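Colleague: I'm new to this one and would like to learn how to read it. Could you walk me through it piece by piece?

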Amino acid sequence: MIGRLNHVAIAVPDLTVAADQYRDTLGAKVGHPQDEPDHGVRVVFVELENSKIELLYPLGENSPIQGFLDKNPSGGMHHICYEVENILEARDHLMSTGARILGTGEPKIGAHGKPVLFLHPKDFTGTLVELEQV
C-alpha cells in the first residue's frame, strides 16, 4: 500500500540556523520557508536526490511543534511521510486493521498541496506516520 519515502520531518528550534546548516555544512539544496497555518507550522524543504527533509518550526504557541520542542528543546525527528496512490483507500484499509487516524480522519491539504493524513504513533512502533497522496 505505501509507496516511496516522501520525507522525514525534523522539528527545529531555529529554522534559519537549521536551513543554513543543511545548505552550508551539508551542501544541500534548501527551499524557502513557507507557512502552513492549517498545520501550525513554518516549513523548509531540503531537497535530496531520493527524498526530502522537512524542517518544521512552530507557528505560534498552540502549534503541535511547539509542544514537541517544549519536550525536546534541541529538536528532533518528528514524523516520517510515505506516499500512497489513494489516500481514502489507504485510510479505509488502515482503519479496517485497527490503525488509528489522527484528527477527524478526513485528509487535510499538506505542504506540497496534496491530501495528507497522520497515523497514531502508538500503532507504528512509536513513530508518527504521515501519508501523502501522490
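Colleague: Let's start with strand pairing: how many bridges join strand E7 to E8?

Modeller: Two strands pair if DSSP finds at least two bridges between them, and the labels come from DSSP too: helices (H or I, at least four residues) and strands (E, at least two) are its runs, numbered from the N terminus. Here, E7 covers residues 108-109 and is joined to E8 by 2 bridges, the two strands running antiparallel. Lys108 has Val116 in E8 as its bridge partner. Together E7 and E8 make a hairpin with 5 residues between them, and Gly113 in the turn has a positive phi of about 80°. Bear in mind that this is a predicted model: local features need pLDDT of at least 70, side-chain atom pairs count only at pLDDT 80 or more, and totals for chains, interfaces and linings use all residues. Residues are numbered from 1 along each chain as its sequence is written, and side-chain values use heavy atoms, with hydrogens and water left out.

Colleague: What does E8 pair with on the way to E9, and where does Thr125 sit?

Modeller: E8 and E9 themselves pair, antiparallel, over 4 bridges. Phe118 stands opposite Glu130 in E9. Thr125 belongs to the loop between E8 and E9, and it has a positive phi of about 50° although it is not a glycine. Thr125 counts as exposed because its relative accessible area is 80%.

Colleague: Why is strand E1 described as largely enclosed?

Modeller: You count its buried residues: E1 (residues 5-11) has 5 of 7 buried, so it is largely enclosed by the rest of the structure. For its pairing, E1 runs antiparallel to E6, with 6 bridges, and parallel to E5, with 5 bridges. Ala9 has His79 as its bridge partner in E6, while Val8 stands opposite Ile53 in E5.

Colleague: And Glu83: which side chain does it make a polar contact with?

Modeller: A polar contact is a pair of N or O atoms within 3.5 Å; within protein, one must be able to donate a hydrogen and the other to accept it, and residues adjacent in sequence count only if both atoms are side-chain atoms. The Glu83 side chain makes one with the side chain of Asn6, at 3.0 Å. Glu83 is in strand E6 and counts as buried because its relative accessibility is 12%. Beyond residues up to four places away in sequence, Glu83 touches Met1, Ile2, Gly3, Arg4, Asn6, Glu132 and Val134.

Colleague: Last one: which residues lie nearest the centre of the largest pocket?

Modeller: On a 1 Å grid over the protein atoms alone, a pocket is an open set of points where a 1.4 Å probe fits, with protein on both sides within 12 Å along at least five of seven lines; lining residues have an atom within 4 Å of a point. In this model, 30 residues line the largest pocket, and His39, Pro64, His78, Phe118 and Leu128 lie nearest its centre. Elements giving two or more residues to that lining include helix H2 (64-71) and strand E6 (76-84).

Technical notes
Buried means under 20% relative accessible area, exposed over 50%, partly exposed in between (1.4 Å probe, protein chains only). Contact means heavy atoms within 4.5 Å.
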